[in-house]
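The sequence and structure are shown first.

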Amino acid sequence: MPYRLCFCFSEDNFPPELKDYQTLAAIQHDLKTGVSTCVELVRLYLARIEAEQHLNAFVEVYSSDSLQRAEEIDAKLTAGTAGRLAGLVLGIKDVLCYAAHGVQAGSKILDNYKSPFTATAVQRLLDEDAIIIGRQNCDEFAMGSSNESSYFGVVRNAADRARVPGGSSGGSAVAVQAGLCHASLGSDTGGSVRQPAAFCGVVGLKPSYGRVSRWGLIAYASSFDCIGPITKSVEDAALLLEIMAGADEFDSTVSTKQVPAYSKSRTWNESQKVRIGYLRESVESEAVAPAIRQRTLEVIEQLREQGHTVEPVEMPLLKYGLPTYYILTTAEASSNLARFDGVRYGYRSQQASDLESLYKKSRTEGFGEEVRRRILLGTFVLSANYYDAYYTKAQRVRKLIRSETEQLLTRYDFLISPVTPTTAFKLGEKTDDSLQMYLADIFTVGANVAGTPAIAIPNGLDENGLPIGLQVMTQAFEEEKLLSFSQYMSATIATPEKV
Amino acid sequence: MKIDREALHKVAHLARLEVKPEEEAALLASMESVLTWMEQLDEVDTEGVEPLTHMTDEVNNWREDVAKNALSREDGLGNAPSHDETYIKVPKVIE
């Protein structure tokens with residue numbers, strides 16, 4: 001995939017030394033052959049972050065920290081003791097804990113909070129010598145599809161600064177898109193890795209529910225939340241997943257299933273033909289932008305030419321995915337966010353007169369509008385009079401949606417669809433209408449409701465040069481197959497700019 | 001779903017949030033429209049369907065019942081907005 005920045009940068013304000021690395025393997029090749037060093041790479045990324053500050057992708061940049069770590073890793077490289085991620089300069093979404101560093105979920109309520117521990121997923125990457133260059137802007141408590149609800153302000157899409165990067169992992173996606181770090185770690189509760197990845201023309205992977213430990217991820221909705229990588233290539237997504245995944249004594253919901261060597265098994269055997277279903281609505285509905293329908297149809301045609309069976313499928317329950325998601329996630333959020341009360345950490349109102357008003361005022365002043373709305377909705381659907389009508393009902397529908405998805409995935413190896421119904425929309429375009437904003441997740445939310453893995457891969461550009469994403473989904477814990485087929489598709493499916 | 005001011009304030013109290021008078025109208029309107037949209041689920045026949053309450057196949061991942069203290073008192077107090085050397089401080093609870 002060519003570097004997308006050609007739409008907004010001229011070659012001459014791009015530091016000539018920072019190559020457009022598509023894979024970590026390419027970086028490690030340059031480190032090995034002495035073309036570059038970790039220190040040099042970190043310096044170049046820091047310079048790019050500085051030059052692109054107006055994108056607002058980072059909340060905090062760890063300049064001296066990351067340079068010091070780079071020095072240490074350069075020494076390890078010389079000594080031949082470096083880990084598998086040596087040379088990886090990584091950004092982490094502001095919902096992932098990193099000991100002795102700030103983390104505040106894009107919210108005022110965690111003002112001045114420094115994490116006393118490191119998330120398991122982050123620790124495993126650090127153990128393999130990843131360098132964390134900073135924490136990245138996101139929608140407050142990961143609630144949003146446009147990165148406009150952050151306490152730290154809006155994030156801008158590098159393909160068009162008047163447009164949103166998607167959300168909630170908007171800063172993380174833009175940072176990879178704009179070359180501010182090589183990869184990012186985001187979280188995906190209803191599409192928060194895949195949707196911004198699609199809007200920014202990069203790869204975003206949401207693993208199966210429970211594949212990666214959630215320890216150290218600030219919870220939004222615990223039965224949906226997944227940590228996932230945002231990268232330039234499927235190859236790197238596979239490597240990061242392999243290192244992060246697997247059993248963890250700090251998370252009793254994480255799967256104890258063995259972790260395959262995703263990075264080793266990614267070559268798809270071309271003679272292996274598969275059955276693929278595509279959502280009929282996604283290429284026929286007027287609600288999907290014409291350019292996206294067109295690009296999706298072209299992919300379908302090329303897959304057929306390659307000898308795969310590609311058929312339209314119906315998912316009668318598709319339209320119920322979003323309301324199910326919003327009932328259950330607001331309910332879980334209202335419970336998860338009860339801990340932010342101004343007592344043990346974070347923001348405390350100075351206006352309080354007693355303990356109850358300390359809770360109320362700290363929470364009211366500390367949470368933003370969308371978070372307060374979702375806490376209220378979640379409290380409402382969990383309240384005694386409405387619990388069965390909303391919450392239990394949604395849990396029943398969730399069961400049906402999961403069964404429908406699993407059924408389809410016994411008949412088809414993969415389900416494909418666009419990631420989003422439109423490309424990146426304009427800043428402010430949907431902020432006044434919650435329901436319109438929620439619809440941005442129509443195709444992504446199913447994987448979270450069903451717990452299946454899904455990946456967003458770039459699929460060309462629309463008439464305005466804005467990135468389009470293709471989503472590929474498969475059965476739970478079949479990431480190996482998903483990654484190797486996505487890698488094959490990325491390499492073989494022609495997009496207009498490749499042709 | 002219609003909700004009135006009283007119900008809104010009751011829910012806000014349960015959630016330990018305050019709703020200012022000038023926010024009431026807009027908040028009621030947006031909550032009502034989202035709740036009404038959520039009621040689409042009534043179209044789905046869920047007769048005899050068990051609610052899905054666990055997303056993982058893992059059953060009872062026990063750990064040894066050994067006390068571990070991963071967080072020192074100093075670290076635990078370090079993030080508190082108000083504390084002394086031993087305790088987190090809050091406004092007086094008992095008169």
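What does the secondary structure of chain B come to? It comes to three helices and zero strands, where helices (H or I, at least four residues) and strands (E, at least two) are DSSP runs numbered from the N terminus. From the N terminus on, the order of elements in chain B is α-α-α.

The model is a predicted one, in which local features need pLDDT of at least 70 and side-chain atom pairs count only at pLDDT 80 or more, while totals for chains, interfaces and linings use all residues. Residues are numbered from 1 along each chain as its sequence is written, chains are lettered from A and ligands numbered from 1 in the order in which they are written, and side-chain values use heavy atoms, with hydrogens and water left out.

Chain B has a radius of gyration of 23 Å, whereas a compact globule of 95 residues would have one near 12 Å; the radius is taken over C-alpha atoms, and the globule rule is 2.2 Å times the number of residues to the power 0.38. The C-alpha trace of chain B spans about 55 × 45 × 25 Å along its principal axes. Of its 95 residues, 32% count as buried, that is, under 20% relative accessible area with a 1.4 Å probe and protein chains only. Among contacts in chain B with a separation of 6 or more, 30% join residues 24 or more positions apart, a contact being heavy atoms within 4.5 Å.

Chain A has 16 helices and 11 strands. A compact globule of 499 residues would have a radius of gyration near 23 Å, and the 22 Å of chain A agrees with this. Its C-alpha atoms fill a box of roughly 65 × 55 × 45 Å along the principal axes. Buried residues make up 65% of chain A, and residues 24 or more positions apart account for 75% of its contacts with a separation of 6 or more.

The empty spaces come next. Rolling a probe the size of a water molecule over the atoms shows where empty space is left. On a 1 Å grid over the protein atoms alone, a cavity is a set of points where a 1.4 Å probe fits but cannot get out, and a pocket is an open set with protein on both sides within 12 Å along at least five of seven lines; lining residues have an atom within 4 Å of a point. Grid points are joined across faces, edges and corners, and a volume is the space filled by probe spheres set on the points.

The largest pocket has a volume of about 970 Å³. Its lining comprises 28 residues, with Phe117(A), Trp215(A), Gly216(A), Phe250(A) and Arg339(A) nearest the centre.

The second largest pocket holds about 570 Å³. Of its 31 lining residues, Glu369(A), Glu370(A), Arg373(A), Thr431(A) and Ser434(A) are the closest to its centre. Helix 12 (369–382) and helix 14 (434–438) of chain A and helix 2 (21–38) of chain B each supply at least two lining residues. Helix 2 of chain B gives the largest share, seven residues.

Helix 15 of chain A provides the largest share of the lining, four residues.

How values were computed:
Buried means under 20% relative accessible area, exposed over 50%, partly exposed in between (1.4 Å probe, protein chains only).
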